[in-house]
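Here is a short briefing for a first look. Keep the sequence and the model side by side as you read.

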Amino acid sequence: MSKKNEIAVEVKGLSKSYGPVQAVKSIDLQIGMGEYFALLGPSGGGKTTLLRLIGGFIRPTEGQVFLHNQEVSHLPPNARPTSMVFQSFALFPHMTVVQNVGYGLRLKKVASAEIKDKVANMLKTVGLDGYGERMPHELSGGQQQRVQLARSFVLETDILLLDEPLAALDANLRRDMCIELKRLQEKIGMTFIHVTHNQEEAMTVADNMAIIADGILVEMGKSSDLYENPIRRFTADFIGENNIFDGQVSKIEDDVIHVDLGSSSIAVLSRGQKTSVGDKVSVSVRSELARAIDTSTSSTEPLEILSGVHRESVYLGLTTSELITLDNGQEVLARRVSDRYGGHTISNGTSIKVGWRQQDGRLHIS
Amino acid sequence: MNDDYSSKWGYRLKWLYTLLVVTTLMLPVFFVMYISFNENGFGARDYDFTFEWYGLIFSDLLMMDAITSTLILSAITVIFVVPMGLITAKLYKITQYPLTVVSLMLSPLFVPSDILGAALLVFFKNLNGAFTLFGEWVGVSWFDTWFDLGYFSAIVGLIIYTLPYVFVVILITMGRYRKEQTEAARSCGATAWQAFWHVEFPQIKAGIFSSCAFTLILCFNEYTRTSLLKGGFDTFTTVLVSQMLNEGMSEQSYAMSSLVSYIAIAIIGSVIIFTLVRSERLERIARAKAEPLMAS
């Protein structure tokens with residue numbers, strides 16, 4: 001559960017089925033006011049369906065939606081205190097930028113002079129001063145997205161829903177717009193609910209995020225917590241580049257769980273998670289915490305060690321990734337900052353060890 | 001011609017073929033226009049140019065009544081059939097069974113017009129009989145002529161005839177419209193009607209107006225269903241056919257036919273020219289405003 005002062009959005013037991021297909025399965029979620037919240041997950045996992053349920057664009061099969069503690073499950077989108085930004089920009093092509101941005105205000109029968117002022121101020125806020133008389137097809141992708149944002153912001157609703165708003169933009173522009181979205185959200189103070197399948201995007205913008213996969217809420221929390229201390233195996237597999245080892249609990253010594261991987265054994269701290277000998281568990285290790293170690297070298301600190309063969313070094317500028325095939329055939333990744341070892345390279349086919357500190361491993365019982 | 005590898009002669013032949021087809025289609029119309037200015041009428045050896053027959057159109061009561069009846073039938077048909085086609089096209093876009101919707105909507109096209117007309121004739125006769133009997137049983141005469149053959153039955157026949165065309169024309173125009181725009185309008189606070197009127201309709205109005213025009217033209221053109229379901233010879237086509245069968249078409253008929261053609265060509269030609277000119281103007285404005293495509 002996340003709270004930021006008070007709760008802006010709450011869903012209880014929310015489900016949506018399309019015939020035999022369950023797109024969303026009994027999700028409970030709370031989003032605080034003024035939060036930038038991301039719904040992250042693989043494509044087809046139900047994140048957009050959940051967003052549209054919150055927005056009122058589809059009816060839930062079961063469950064309830066509360067906005068500012070008022071139940072709105074039965075209300076259409078125009079009756080909810082939400083506005084939405086779409087992946088495909090969804091600007092009205094027959095209206096100018098000014099007309100697009102002012103559309104919602106005209107519906108509210110706001111005075112023309114006031115509409116003119118508000119629209120002008122909002123265009124300045126999103127950096128589109130002077131573009132008022134342009135038509136949507138005369139704008140670039142980033143500009144169209146800003147018009148969409150302006151159209152939503154000007155309505156002064158409390159909650160903005162963003163459905164993969166940056167998916168149609170190129171990588172550089174996406175990065176710039178992430179920062180811009182974050183800046184605008186902090187400036188305006190609205191609650192943002194941002195759907196994306198892009199981890200980098202979610203982690204750039206979000207205060208908190210929820211992992212949605214296969215219609216269920218897998219895990220929720222701060223971006224840093226989900227990255228550094230994922231509880232669920234799926235989260236570890238989805239966020240970051242983690243090595244995941246599946247095995248069985250062979251021994252429990254106080255807080256240390258020994259996990260039998262078949263051909264080898266590793267140990268991990270339980271951190272309060274309850275297991276029994278014989279339970280099937282997983283251990284994840286972030287690739288930047290795993291090190292490739294020469295077989296002839298002995299480590300100065302106690303490490304969990306697995307043996308294998310070095311396959312390839314992939315130079316990615318800032319980092320270099322070492323791909324290693326373990327003795328049991330599993331592939332693992334060890335990443336390092338490229339210049340740390342002064343250009344040290346490992347030959348392909350060399351016998352190698354991969355190691356990490358015990359406290360860097362994460363136990364997953366589900 | 002944009003493709004460097006295509007044959008120049010092939011391109012020219014394609015244009016020639018297209019012009020030939022258009023000429024073949026329009027030649028009879030132009031011939032009727034030509035006859036309408038002949039003082040001596042159709043088939044005469046001598047050609048003396050005159051506007052006389054155009055002057056007599058409005059004094060030909062039979063023709064004027066026929067035009068009026070046809071316009072009334074057409075207008076009423078448009079009022080009903082265009083909204084029906086629009087609603088069905090919108091249903092097609094959201095339904096899980098689009099094939100069923102399309103099959104149902106296009107099914108009248110697969111029934112020959114005389115068979116459909118005859119079937120409707122039998123249907124209305126039986127319906128009228130049933131309601132009359134019911135009225136007698138209840139002891140009132142209200143229901144006696146409800147489904148008598150006349151304007152009502154003719155309009156039903158025209159709606160069934162024109163609905164598939166209206167559906168297809170509107171559906172084609174809606175092909176470019178994205179439902180996210182309706183959702184965006186709803187999220188701005190628009191009701192379903194406001195979202196349609198402010199956002200969707202401006203983008204599909206070309207299709208709606210086209211279907212209105214198409215319906216008018218189809219109603220003008222219609223003979224079989226109208227004559228079976230209404231009877232008499234008091235619509236534009238039925239009068240012309242009647243004249244042809246009996247005494248031959250009057251000179252005013254050629255003049256009237258040509259006048260209808262002038263109006264249709266003028267309207268459609270104006271729309272095409274306006275659209276081309278406007279498109280050219282908008283492109284010029286867009287080119288003048290264009291900036292390099294850079295990230296903003």
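A residue counts as buried if 20 or more other C-beta atoms lie within 10 Å of its own. Keep in mind that this is a predicted model. By that cut-off, 43% of the 366 residues in chain A are buried.

**Chain A overall**
- Chain A has eight helices and 20 strands.
- Its C-alpha atoms fill a box of roughly 80 × 45 × 40 Å along the principal axes.
- Take the contacts in chain A with a separation of 6 or more: residues 24 or more positions apart account for 65% of them.

**Helix 2 of chain A**
- Helix 2 of chain A covers residues 97–107.
- Its buried residues are Val97(A), Asn100(A), Val101(A), Gly102(A), Tyr103(A), Gly104(A) and Leu105(A).
- Those buried residues pack against two helices of chain A, helix 3 (112–125) and helix 4 (141–153).
- Lys109(A) follows helix 2 of chain A, and its phi is positive, near 60 degrees.

**A five-stranded sheet in chain A**
- Five strands of chain A form an open sheet in the order 13-12-11-14-20, and their pairing is antiparallel.
- Strand 13 (265–269) and strand 20 (361–364) of chain A are the edges; each has a single partner strand, so one side of each lacks a neighbour in the sheet.
- On average, neighbouring strands of this sheet are turned by 45 degrees against each other, direction ignored.
- Strands of a sheet pair through backbone hydrogen bonds.
- Strand 12 (residues 256–260) of chain A runs antiparallel to strand 13 of chain A, and five bridges join the two.
- His258(A) stands opposite Ala267(A), a residue in strand 13 of chain A.

**A helix pair in chain B**
- Helix 6 (residues 151–174) and helix 8 (residues 192–221) of chain B have axes that come within 9 Å and cross at roughly 155 degrees.
- Angles over 145 degrees count as roughly antiparallel, so helix 6 and helix 8 of chain B are roughly antiparallel to each other.
- Helix 6 of chain B passes helix 8 of chain B in a right-handed crossing.
- From helix 6 of chain B, the residues making the contact include Leu158(B), Tyr161(B), Tyr165(B), Val169(B) and Met174(B).
- From helix 8 of chain B, they include Ile204(B), Gly207(B), Ser211(B), Phe214(B) and Leu218(B).
- By class, this contact of helix 6 with helix 8 of chain B has 14 nonpolar, six polar and no charged residues.

Conventions
Residues are numbered from 1 along each chain as its sequence is written. Chains are lettered from A and ligands numbered from 1 in the order in which they are written. This is a predicted model: local features need pLDDT of at least 70, side-chain atom pairs count only at pLDDT 80 or more; totals for chains, interfaces and linings use all residues. Helices (H or I, at least four residues) and strands (E, at least two) are DSSP runs, numbered from the N terminus. A residue is buried if 20 or more other C-beta atoms lie within 10 Å of its own, exposed if 12 or fewer, and partly exposed in between; C-beta atoms are placed from the backbone. Two residues are in contact if their C-beta atoms, placed from the backbone, lie within 7 Å. Two strands pair if DSSP finds at least two bridges between them. Axes are lines fitted to C-alpha atoms, for helices over the stretch in contact, and angles run from 0 to 180 degrees between N-to-C directions. Angles under 35 degrees count as roughly parallel, over 145 as roughly antiparallel, 65 to 115 as roughly perpendicular and the rest as oblique. A crossing is left-handed if the near helix is turned anticlockwise from the far one by less than a right angle, and right-handed if clockwise. Ala, Val, Leu, Ile, Met, Phe, Trp, Tyr, Cys and Pro count as nonpolar, Asp, Glu, Lys and Arg as charged, and the others, Gly among them, as polar.
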